[in-house]
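Please open the structure in the viewer and keep the selection tool at hand.

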Amino acid sequence: MILIGQYDSPFVRRVAIALRLYGMPFEHRPWSTFREGDKIAPYNPLRRVPTLVLDSGETLVESAAMLDYLDELVGPEKALMATRGDVRRRQLRICALGAGLADKAVSLLYERMLRKEQLQLWVERCQTQIGGVLAVLEQERAAVKSPYWFGDRIDHADIMIACALGFVGEAHPALFDARYPALQAHAGRCEALPPFKEIVQPLAPPKQ
Ligand SMILES: N[C@@H](CCC(=O)N[C@@H](CS)C(=O)NCC(=O)O)C(=O)O
């Protein structure tokens, strides 16, 4: 498999960390979405990352679909997500909040980096959405006493949240601070794991 995209993307990082945890070998092509869009386009017309090229040549263009595929490959025992039922539904909800948080943090970064004059309406909307999600996640994580969100074993929800928090903290440090101790502890626990330490890249934001 070939994983396209840089590890400063929370979405690329979540997929790479899952691949590592599953012990699946992959080739990494750390192409930049803005500087190397022409290289990405033949694999993904959206010119977005992550893009995952399967051994068959088929291409996946959405991180959740990539994880769904990897989960099927490893089977239900090893999968980092329940196959059905209440737990799966709750895991998917946390994944969606984490992915949405990362989406909003990426949008806000693009607004800040790519526009000469920021649109205040959009900046404030993103900030409100980021703050709202962090507040809900903080409350829910503080209520969970297990090492990971859904028990003793890390899963896709833990990875998504940690990758999103890492990105928000780096891109918008004023938005992720001491107001969120349970989330900081969650991020710290995940970032201390070997795959998180290995699969990491300082943020290289796009420029005008
Ligand atoms: N929902 C997508 C989000 C992917 C995404 O937003 N990737 C960003 C990098 S973090 C990107 O490629 N941005 C370039 C663009 O949208 O033009 C996923 O989970 O794979």
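Select helix α4, residues 85-114; helices are DSSP runs of H or I with at least four residues, strands are E runs of at least two, and both are numbered from the N terminus. This helix has 30 residues and reaches 42 Å from its first C-alpha to its last, close to the 44 Å expected at 1.5 Å a residue, where the expected span is 1.5 Å times one less than the number of residues. The model is predicted: local features need pLDDT of at least 70, side-chain atom pairs count only at pLDDT 80 or more, and totals for chains, interfaces and linings use all residues. Residues are numbered from 1 along each chain as its sequence is written, and side-chain values use heavy atoms, leaving out hydrogens and water.

Next, select the buried residues of α4, including Q91, I94, C95 and G98; buried means under 20% relative accessible area (1.4 Å probe, protein chains only). The buried residues of α4 pack against α1 (10-21), α5 (120-142) and α6 (156-171).

Now select the ligand. Which residues are around the ligand? They are S9, F11, T33, R48, V49, P50, E62, S63, V106 and Y110, each with a heavy atom within 4 Å of it. A nitrogen atom of the ligand lies 2.7 Å from a backbone N or O atom of V49. For S63, a polar side-chain atom is 2.6 Å from an oxygen atom of the ligand.

Finally, select I2, which is found in strand β1 (residues 2-4). The C-alpha atoms of I2 and H28 are separated by 5.8 Å, although these residues are 26 apart along the chain.

Conventions:
Buried < 20%, exposed > 50% of the residue type's maximum accessible area, 1.4 Å probe, protein only. Contact = heavy atoms within 4.5 Å. Polar contact = N/O pair within 3.5 Å; in protein donor to acceptor, adjacent residues only side chain to side chain.
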